[in-house]
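Subject: Structure for you to look through

Hello,

Here is the structure I said I would pass on. Please open it alongside this message, and then read my notes on it below.

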Amino acid sequence: MKYVIRGGNKLSGKIRVSGNKNSIFPCVGAALLTNAEVVLENMPDIGDTQSLIQILKNLGVSAERSGQRLKIKASHIKHVSLPKELMGKLRGSIVLVGAILGRVGRIHFYHPGGDVIGQRSIETHLEAFKILGADLKKKDLKFYLHYKNAHEEKRDCTIFLPEASVSATENIILASVLGKRKITIKNCPKEPHVLDLCNMLSKMGGRITGIGTDTLTIQGVDKLKGTHFKIGIDYVEVGTYIVAAAITGGKITIKGLDGTDLSPILKQLERFGISVDVARGSLSAYAKRLKSIPKLTTNIWPGFPTDLMSVVIVLATQSKGITLCHDWMYESRMFFIDKLIAMGARITLADPHRVFVWGPARFKGRRLSTPDIRAGMALVLAALSAKGQSVINQAELIERGYESVVSKLKELGADIERGS
């Protein structure tokens with residue numbers, strides 16, 4: 001699939017923000033911990049959601065989607081092996097391991113895939129499962145986890161995370177919420193999707209304290225009940241469309257905001273000269289004159305999110321001056337800049353984690369291929385501000401993470417078409 005984009009239009013108008021892509025896997029994992037019906041609202045219609053539903057059906061779980069609503073009923077989990085092909089596509093599927101282990105006591109799975117933006121080990125996950133008492137066996141890229149004595153009373157324990165891994169934390173929570181023991185997790189990340197998971201489990205009857213802090217305590221319960229839960233907004237999408245409006249000289253209004261704290265994103269974007277006005281349930285953003293900032297570094301929440309770095313590099317190309325962009329998390333995050341350089345950007349790769357960006361640059365339309373979700377969307381933004389026509393191939397990767405890309409951009413006045 002491809003996008004054909006003719007740049008030069010100012011993006012202005014109103015759009016509604018989608019649900020958080022990064023919340024769908026842990027929240028679906030939570031739904032596997034009860035035999036009652038769970039209804040998830042505000043589910044984004046993206047490729048990852050569709051693949052996740054396929055995984056649920058392979059497990060023998062009922063999953064019915066209607067618009068932004070997903071009904072799940074895991075009366076029984078008939079299979080405890082996660083499909084290799086689908087796990088190979090979806091990094092986020094790793095959190096289903098903790099959910100199935102917590103519900104059934106055993107799980108077979110493969111090393112997860114997803115975007116190729118760096119070496120992402122699952123060692124933190126595996127060590128945590130072993131501390132919880134699970135026996136681990138490995139054969140090449142297939143893993144086997146199970147509790148040797150399912151009826152043995154398991155001991156309370158404390159897990160200190162050597163890195164504040166979001167998915168590892170979600171896995172531990174999902175594996176621990178059922179049972180009789182107390183689990184303490186230290187050095188927890190505080191990303192909005194971790195809060196979504198904890199708040200959803202609390203509605204289901206889970207006992208979790210310390211939500212929103214770096215120490216979570218989980219007192220196991222015998223049973224969880226069904227619930228209706230609304231997934232939080234996609235803050236990465238919010239930042240992406242703000243940048244799209246700013247680099248094209250337009251003004252955007254984003255509706256449908258909730259209580260998610262957007263300060264870690266908005267404060268950094270304002271440093272580039274973007275004006276952001278937040279009102280009840282919506283925000284407006286525009287830029288009269290973009291300026292560079294000396295340095296922007298990604299960090300764990302409430303730091304600037306790594307998933308927005310690719311988009312911000314495009315923002316830096318249109319801002320006057322020099323900006324150092326540093327993403328210490330993923331060593332391949334920067335490896336799409338050659339495509340921006342081909343369009344006319346002035347960027348120097350200092351090392352796998354850092355680039356120097358000179359702006360403003362005048363982009364020219366090019367034919368390009370999408371390397372991953374976030375870099376692909378960054379190329380779309382560059383094409384929107386470029387002179388002439390661009391073709392972005394492998395656009396299906398972008399739609400794994402962004403809902404209704406073409407229709408939303410058209411609402412804002414973009415000249416973009418979706419083709420095969």
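A residue counts as buried when its relative accessible area is under 20%, and as exposed when that area is over 50%. Please keep in mind that this is a predicted model.

Strands of a sheet pair through backbone hydrogen bonds, and the pairing is either parallel or antiparallel. β5 pairs with strand β3 (residues 37–41) in the antiparallel sense, over 4 bridges. Here glutamate 37 is opposite lysine 73 of β5. β5 also pairs with strand β4 (residues 62–66), again in the antiparallel sense, over 5 bridges. In that pair, serine 66 is opposite arginine 69 of β5. β4 and β5 make a hairpin with 2 residues between them, and glycine 67 in the turn has a positive phi of about 65 degrees.

Next, two helices. The axes of α1 (residues 24–31) and α2 (residues 47–58) come within 11 Å and cross at roughly 25 degrees. Angles under 35 degrees count as roughly parallel, so α1 is roughly parallel to α2. Their crossing is right-handed. On the α1 side the contact uses Ile24, Phe25 and Val28, which meet Asp48, Thr49, Leu52 and Leu56 in α2. Sorted by class, this contact has 5 nonpolar, 1 polar and 1 charged residues.

There is an open sheet of 3 strands in the order β6-β8-β7, with antiparallel pairing. Its edge strands are β6 (106–110) and β7 (135–139), each of which pairs on one side only. From one strand to the next, the twist averages 15 degrees. β6 and strand β8 (residues 142–146) run antiparallel and are joined by 5 bridges. Histidine 108 has tyrosine 144 in β8 as its bridge partner. Helix α4 (residues 95–104) lies across β6 and β8, and runs at about 160 degrees to β6.

Another open sheet has 4 strands in the order β17-β18-β20-β19, and its pairing is mixed. The edge strands here are β17 (295–297) and β19 (346–351), each pairing on one side only. The twist averages 20 degrees from one strand to the next. β19 and strand β20 (residues 354–359) run antiparallel, with 5 bridges between them. Arginine 354 in β20 is the bridge partner of aspartate 351. Helix α10 packs on this sheet, touching β17, β18 (321–326), β19 and β20, and its direction makes about 30 degrees with that of β20.

α10 (309–317) is also one of the elements that the buried residues of helix α9 pack against, along with α8 (235–248), β15 (275–279) and β16 (282–286). Which residues of α9 (residues 263–271) are buried? They are Pro264, Ile265, Leu266 and Leu269. After α9 comes glycine 273, with a positive phi near 100 degrees.

Last, a loop residue. Serine 385 is in the loop between α12 (373–384) and β22 (389–393). Is serine 385 buried or exposed? Its relative accessible area is 18%, so serine 385 is buried. Leaving aside residues up to four places away in sequence, serine 385 touches Ile247, Thr248, Gln318 and Phe363.

Regards

Technical notes:
Residues are numbered from 1 along each chain as its sequence is written. This is a predicted model: local features need pLDDT of at least 70, side-chain atom pairs count only at pLDDT 80 or more; totals for chains, interfaces and linings use all residues. Side-chain values use heavy atoms; hydrogens and water are left out. Buried means under 20% relative accessible area, exposed over 50%, partly exposed in between (1.4 Å probe, protein chains only). Contact means heavy atoms within 4.5 Å. Axes are lines fitted to C-alpha atoms, for helices over the stretch in contact, and angles run from 0 to 180 degrees between N-to-C directions. Angles under 35 degrees count as roughly parallel, over 145 as roughly antiparallel, 65 to 115 as roughly perpendicular and the rest as oblique. A crossing is left-handed if the near helix is turned anticlockwise from the far one by less than a right angle, and right-handed if clockwise. Ala, Val, Leu, Ile, Met, Phe, Trp, Tyr, Cys and Pro count as nonpolar, Asp, Glu, Lys and Arg as charged, and the others, Gly among them, as polar. Two strands pair if DSSP finds at least two bridges between them.
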